[in-house]
4 protein chains.
Amino acid sequence: MRNTAVLLVSCPDRKGLVAAIANFLYRHNANIVHADQHQDGAAGLFLMRVEWDLAGFDLGLHRFEEAFAPIATEYDLQWHLSLSSVKPRLAIFVSKYDHCLADLLYRWHAGELYCDIPLIVSNHPDTHWLAEAYKVPFQHIAVTKDNKAEAEAAQQALLKAHHVDFIVLARYMQVLSADFIRHWPNRIINIHHSFLPAFHGAKPYQRAYERGVKLIGATSHYVTEVLDDGPIIEQDVTRISHRDDLEDLVRKGADLEKVVLSRAVRWHIDNRILVYANKTVVFD
Amino acid sequence: MRNTAVLLVSCPDRKGLVAAIANFLYRHNANIVHADQHQDGAAGLFLMRVEWDLAGFDLGLHRFEEAFAPIATEYDLQWHLSLSSVKPRLAIFVSKYDHCLADLLYRWHAGELYCDIPLIVSNHPDTHWLAEAYKVPFQHIAVTKDNKAEAEAAQQALLKAHHVDFIVLARYMQVLSADFIRHWPNRIINIHHSFLPAFHGAKPYQRAYERGVKLIGATSHYVTEVLDDGPIIEQDVTRISHRDDLEDLVRKGADLEKVVLSRAVRWHIDNRILVYANKTVVFD
Amino acid sequence: MRNTAVLLVSCPDRKGLVAAIANFLYRHNANIVHADQHQDGAAGLFLMRVEWDLAGFDLGLHRFEEAFAPIATEYDLQWHLSLSSVKPRLAIFVSKYDHCLADLLYRWHAGELYCDIPLIVSNHPDTHWLAEAYKVPFQHIAVTKDNKAEAEAAQQALLKAHHVDFIVLARYMQVLSADFIRHWPNRIINIHHSFLPAFHGAKPYQRAYERGVKLIGATSHYVTEVLDDGPIIEQDVTRISHRDDLEDLVRKGADLEKVVLSRAVRWHIDNRILVYANKTVVFD
Amino acid sequence: MRNTAVLLVSCPDRKGLVAAIANFLYRHNANIVHADQHQDGAAGLFLMRVEWDLAGFDLGLHRFEEAFAPIATEYDLQWHLSLSSVKPRLAIFVSKYDHCLADLLYRWHAGELYCDIPLIVSNHPDTHWLAEAYKVPFQHIAVTKDNKAEAEAAQQALLKAHHVDFIVLARYMQVLSADFIRHWPNRIINIHHSFLPAFHGAKPYQRAYERGVKLIGATSHYVTEVLDDGPIIEQDVTRISHRDDLEDLVRKGADLEKVVLSRAVRWHIDNRILVYANKTVVFD
């Protein structure tokens with residue numbers, strides 16, 4: 001496990017920015033282990049991720065904000081500091097399809113996803129066995145047209161009680177309300193089983209099959225109030241042919257969904273993602 | 001150069017079909033060098049491509065239709081016979097972007113595309129030099145809002161005069177009229193610079209950039225009267241990142257367009273493509 | 001579940017072959033649901049896979065060999081008949097790395113791999129929990145330099161007792177003896193964590209890292225007596241960059257290994273693979 | 001065209017490095033348009049590429065070395081400064097296969113490769129027509145076993161006379177002598193038609209065909225004295241199947257070779273490549 005701090009910064013692009021931040025870290029004896037930056041010329045934006053070893057860093061993190069304030073003010077920075085040693089707390093929402101859930105749980109168990117998973121929420125009891133195999137608490141909350149508000153209130157209460165930091169919709173087949181989503185800005189990750197923006201909405205594999213595409217895709221994105229329209233984190237595709245029927249598309253697509261979703265979750269955990277203009281920058 | 005015949009067949013799926021066709025060819029001493037078939041269970045369709053060596057084949061091709069008629073009638077076949085020794089005649093339509101044109105001409109010159117190219121038609125004179133380098137006749141026909149009908153009439157006259165069999169729109173930036181298109185069913189191949197159905201219509205790279213997708217694509221398809229909606233022949237994608245600006249997308253996309261279009265053209269020339277239900281079967 | 005028969009055929013290429021087989025099946029009222037064939041011109045070989053619905057097929061399968069004998073003799077066929085309703089019995093060999101095992105078990109449980117798994121054999125006890133979660137018998141057989149012959153005898157006894165049809169080495173880190181391998185011709189599937197023939201043998205990821213390749217791969221193949229040299233069933237690659245250290249290669253490679261191995265296993269189960277000249281034909 | 005400077009730096013990793021370089025540039029009013037860095041923890045190396053707009057930069061470039069010397073000395077930097085406005089001069093070596101040559105010339109003509117091409121050298125006259133179409137001087141220097149030293153001397157004289165900066169071997173089928181190569185360290189780019197290190201040496205497609213691989217590849221690398229062993233710049237692969245014969249591999253591989261080589265050439269021109277430990281870092 002690494003004992004590092006990660007600083008994500010976005011601000012209007014200006015001369016001297018890199019020097020100012022680099023000097024600040026250097027003055028406090030930071031050993032930078034990774035740094036990446038990006039200028040969006042069209043938007044006039046500067047974006048940066050810098051990660052440094054906390055061994056030898058002479059600024060207590062409780063005093064970081066105060067010490068960093070002059071630079072933050074001068075350059076009009078939006079910034080976020082996180083510690084790689086602190087595991088974020090993930091809640092997984094799932095319905096009946098369990099391939100993404102099984103994949104996330106395996107990766108988490110294998111140490112690939114550095115987080116805690118205090119909670120799985122499902123509108124069906126079907127995946128209980130998987131939660132048990134990995135010893136993760138499972139909550140069944142049925143959702144119908146009539147009880148949706150109630151169900152979401154129950155979900156929110158659970159999320160709060162378990163101190164959840166972010167949510168992954170692992171093929172959760174219910175549309176969350178705008179109100180729910182507003183509580184979790186850039187903290188709900190969805191996997192959509194198409195190459196967005198193609199086939200947004202319902203039944204993407206069937207529509208891909210009917211359109212006769214030669215590749216199918218999967219897209220992970222942050223959830224916003226507009227369905228399947230949030231900032232895209234990762235996408236990938238796989239080749240199909242006329243020999244593949246709808247069932248083959250579903251099967252081949254499942255492999256995509258797992259890999260694409262797990263990448264997005266890992267990058268989120270590693271604080272690699274910056275969102276702006278409904279897009280993401282994913283720092284390498 | 002091969003001296004083979006290619007038979008494309010589609011019909012309602014029925015028992016005995018393969019045996020009937022195989023027996024017919026065997027009785028006439030055909031040496032089958034390639035055969036591929038496909039059943040679309042949902043549509044109840046049988047599709048087949050069979051290619052045989054004409055050396056030793058004892059049925060004169062002028063008598064093929066008559067000899068094959070009993071089977072064709074019994075099994076309600078739609079069929080098409082072509083000879084690999086006969087070069088189809090291709091007209092390329094182009095505007096100012098010349099990467100697809102340059103690529104097609106090079107491949108044709110290198111022997112990769114077994115066709116004649118009696119004609120390049122452009123609404124701009126810019127690519128004349130390429131036509132000259134490869135010694136292909138070039139016709140500049142300006143197209144404006146006002147003269148579109150006239151221009152298309154002139155194009156049609158040229159196509160007829162040059163005995164053209166099929167047309168490739170190599171980033172031709174004019175929308176052809178429905179009337180024009182009806183003359184060339186499944187004989188106009190377009191390259192669209194997106195992963196259809198995403199970003200159909202104008203400016204796909206810009207819209208891809210704005211949406212923040214992580215892959216861009218290209219799609220070759222037969223042209224139908226509905227814009228960017230015809231049967232897809234081939235698609236491919238390439239990865240982009242936040243570091244790629246619009247210009248990078250255009251450049252990376254150009255490499256996709258060339259490869260995807262050239263594959264579609266080659267398969268068309270090789271009589272590998274069957275169209276049904278606004279989809280294609282591309283036999284291996 | 002399908003109730004079909006699959007016939008795999010290989011023989012010297014000759015005129016009339018397809019007609020003979022098609023007629024045979026037609027005479028017995030077979031409804032062909034899938035057929036694929038391949039001619040290897042250089043080798044003078046004809047290879048075929050044909051699958052038909054057993055509903056309506058009027059030849060009892062116990063009489064198939066006798067009825068098919070005249071054709072088999074005339075055309076010098078090697079052939080193999082299998083029934084899609086019969087689940088082959090798979091034994092998985094594993095060591096400590098458990099990602100391929102977890103993936104296979106999940107796919108099997110999800111119905112993607114139509115087989116029985118009566119046995120997991122491991123030279124380490126570490127993956128016992130996974131076997132338990134999926135309720136598959138687990139046998140720990142320690143292997144050392146000194147007890148290898150004994151250990152293999154114990155493995156063979158277990159395989160026999162469980163009526164195992166084929167073996168998957170899911171990152172099993174022991175080299176099997178030539179004697180063991182000879183008992184299972186084209187019935188042991190291995191996953192090697194490189195793009196063979198590059199980096200055959202030990203530590204492929206480390207050697208890939210040291211060589212500075214830009215893509216890493218995985219290869220599934222049938223095991224022969226020459227290490228990492230058997231007929232390749234499937235391969236795939238993924239992109240890496242200078243930012244990926246050895247640990248990243250291992251992680252990214254694991255995703256390849258799982259997918260590549262599971263494809264090979266599925267194709268083997270579906271009787272899609274023909275082996276000749278130390279290569280495979282994988283029928284679509 | 002951009003008016004920027006690019007600084008490539010490699011040195012032992014140390015605290016304060018980034019701050020020192022950032023401050024130096026800031027003091028001279030540099031507007032950084034792109035910066036990327038990499039730490040190789042295992043090797044203890046720091047590598048950086050920084051590009052800044054020369055408009056407003058107040059340090060004359062003839063004085064850069066002197067002004068930068070204190071930092072360079074303190075941190076033990078190896079560095080290289082280049083100007084994006086200066087076109088490097090490229091000589092292309094080619095034999096009979098002309099697909100890579102045609103591709104490079106087209107890209108150069110289209111403005112994708114920002115360089116001058118004062119010279120094409122070939123041991124065969126076959127590609128003269130392409131050189132003429134793009135108005136590039138073409139020199140035919142026959143190479144035999146007996147005249148190799150002489151031929152290389154003539155080549156070197158031409159390279160010198162044309163002030164060539166780097167060489168691209170665009171499927172040049174002669175092995176250059178160690179003596180020749182030593183004159184052009186990290187300045188000769190080769191395209192090898194396999195996924196190195198698989199199938200290094202002669203006839204890679206044939207050997208790939210015989211081995212029965214499921215993907216073929218292409219590799220561009222800097223030429224060193226050990227054949228096909230230099231630092232890899234870029235690689236890519238494409239899928240093949242049993243249906244592809246040797247001729248298909250050659251054709252599909254040609255598309256890979258063109259794209260892979262052209263990427264490597266562009267990155268070299270853009271000063272994106274740092275070489276160390278027989279590997280490359282290609283900055284995004």
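This is a predicted model: local features need pLDDT of at least 70, side-chain atom pairs count only at pLDDT 80 or more; totals for chains, interfaces and linings use all residues.
## Chain D and its interface with chain A

Let's look at which parts of chain D take part. Helix H1 (17-27) and strand E2 (31-40) of chain D each supply at least two residues of the side that touches chain A. E2(D) gives the largest share of that side, with eight residues. Sorted by class, the side of chain D that touches chain A holds nine nonpolar, seven polar and three charged residues.

The contact itself involves 19 residues of chain D and 19 residues of chain A. About 1,600 Å² is buried between the two chains, and carbon and sulfur atoms give 48% of this area. Three residues, Lys15(D), Tyr26(D) and Gln39(D), supply 31% of the area that chain D buries against chain A, more than any other three residues.

Now for the fold around these elements. Chain D has an open sheet of four strands in the order E2-E3-E1-E4, with antiparallel pairing. E2 and E4 of chain D are the edge strands, each pairing on one side only. From one strand to the next, the twist averages 10°.

| Strand of chain D | Residues |
|---|---|
| E1(D) | residues 4-12 |
| E3(D) | residues 45-53 |
| E4(D) | residues 78-83 |

Nine bridges join the antiparallel strands E1(D) and E3(D). Leu8(D), for instance, has Arg49(D) in E3(D) as its bridge partner. H1(D) lies across E1, E2 and E3 of chain D and runs at about 20° to E3(D).

Methods: Residues are numbered from 1 along each chain as its sequence is written. Chains are lettered from A and ligands numbered from 1 in the order in which they are written. Side-chain values use heavy atoms; hydrogens and water are left out. Contact means heavy atoms within 4.5 Å. Buried area is the accessible area (1.4 Å probe) that two parts lose on being put together, summed over both. Ala, Val, Leu, Ile, Met, Phe, Trp, Tyr, Cys and Pro count as nonpolar, Asp, Glu, Lys and Arg as charged, and the others, Gly among them, as polar. Two strands pair if DSSP finds at least two bridges between them. Axes are lines fitted to C-alpha atoms, for helices over the stretch in contact, and angles run from 0 to 180 degrees between N-to-C directions.
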